[in-house]
Amino acid sequence: MTRCEPPLRCDRLPQSSTTRRYASLIEMARPWLVAALLLCVASAHTARALDADAAVIDLDDSNWKDLVIENGREAWVVSFGADGCAPCAQMAPTFAKAAKQMGGIVNFGHVHVGDASIKLAQSLGLTKVPHVVGLPAHKTLNPYTKKSEKIAVEYRNSTASHKRIAEFAATLLPEDRVTRIADADALARARTDAGHLPVAVLVTAKETTGSLFKSLALRFRGRVAFAEVHVSDAPDVLASIPGLADPATIEPPALLLFPPAGTEGGDVERHGGEMNARSLAAYIESNAPAAAPDAVAPADCLLLHKRVPVGLHH
């Protein structure tokens with residue numbers, strides 16, 4: 001089979017004076033470059049580099065909208081590659097390793113640029129591979145166009161470091177869904193503010209909220225409220241909770257589940273399983289109220305920074 005050469009090298013363009021000189025010309029030619037790239041890879045049918053790894057999900061035109069664009073409970077990191085691209089093959093094991101590290105916290109997906117992803121690649125204006133982007137769970141509301149769309153964040157660090165990719169994935173998680181509490185009054189307010197929802201409280205030794213707890217707060221938004229207390233404050237915060245063992249003996253990390261405020265006869269429960277994503281999610285799911293039919297839809301945030309929108313716009 002004869003393979004045509006891609007219009008752009010399948011690696012990151014060097015930041016030389018020549019690149020900068022022709023940047024405007026490349027931008028003008030973007031639509032033709034996209035078409036040419038797709039034609040070059042559409043006829044290839046070799047095995048995909050990431051299909052064998054369960055931690056990375058195959059994405060294409062058929063599932064992109066449902067799994068990514070209309071998913072308001074999970075953030076995604078997505079790589080783009082094509083057959084015959086040596087840098088793509090080199091990046092694949094590193095990307096899969098990052099996916100395993102962030103398993104259950106941020107979703108990782110891979111788009112093989114070809115027949116099954118032509119519409120997707122065109123909507124992104126893709127002109128080079130490998131390419132990695134992150135997509136937060138929320139959509140951004142543009143106050144001028146009145147459209148809501150997911151905004152992609154381009155990964156610009158080393159594709160040879162799974163730690164850097166994992167760190168990038170963590171930045172996609174929202175910072176405002178976990179309440180930090182330091183005294184009993186703050187706990188009471190958190191429960192009151194949660195209304196009819198139970199409150200999951202993490203006793204932690206960390207000074208800042210970890211990625212795992214952020215992801216759980218995102219996944220169960222609208223069903224469970226989330227708060228955390230530093231282990232040094234736990235004795236004061238939890239001292240007045242009836243039926244709870246001596247707070248001073250609680251070793252972090254520990255998850256406590258409070259019933260909705262005002263619930264009669266409701267006892268505080270403590271998660272007794274492993275403190276990993278799968279176990280915690282299963283425990284919270286078993287104690288959370290059912291989600292509303294439209295609760296999975298992405299929340300809208302006001303556009304503050306201009307970035308390139310991707311995906312199926314609405």
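Student: In which order do the 5 strands of the open sheet stand?
Tutor: This is a predicted model: local features need pLDDT of at least 70, side-chain atom pairs count only at pLDDT 80 or more, and totals for chains, interfaces and linings use all residues. Residues are numbered from 1 along each chain as its sequence is written, and side-chain values use heavy atoms, leaving out hydrogens and water. Strands are DSSP runs of E of at least two residues, helices runs of H or I of at least four, both numbered from the N terminus. Pairing (at least two DSSP bridges between two strands) is mixed, and the order is 8-10-9-11-12.

Student: Which strands stand at the edges?
Tutor: An edge strand here has a single partner, so one side is left without a neighbour in the sheet. That describes strand 8 (178-181) and strand 12 (269-270).

Student: What stands opposite arginine 180 in strand 10?
Tutor: Strand 8 pairs with strand 10 (residues 225-230) in the parallel sense, over 4 bridges. Opposite arginine 180 is glutamate 228.

Student: At about what angle do helix 9 and helix 11 pack?
Tutor: Axes are lines fitted to C-alpha atoms, for helices over the stretch in contact; angles between N-to-C directions run from 0 to 180 degrees. Helix 9 (residues 211-219) and helix 11 (residues 277-287) have axes 11 Å apart. Their angle is about 35 degrees.

Student: Which residues of helix 11 make this contact?
Tutor: Contact means heavy atoms within 4.5 Å. Helix 9 supplies Leu212, Leu216 and Arg219. Helix 11 supplies Ala277, Leu280, Ala281 and Ile284.
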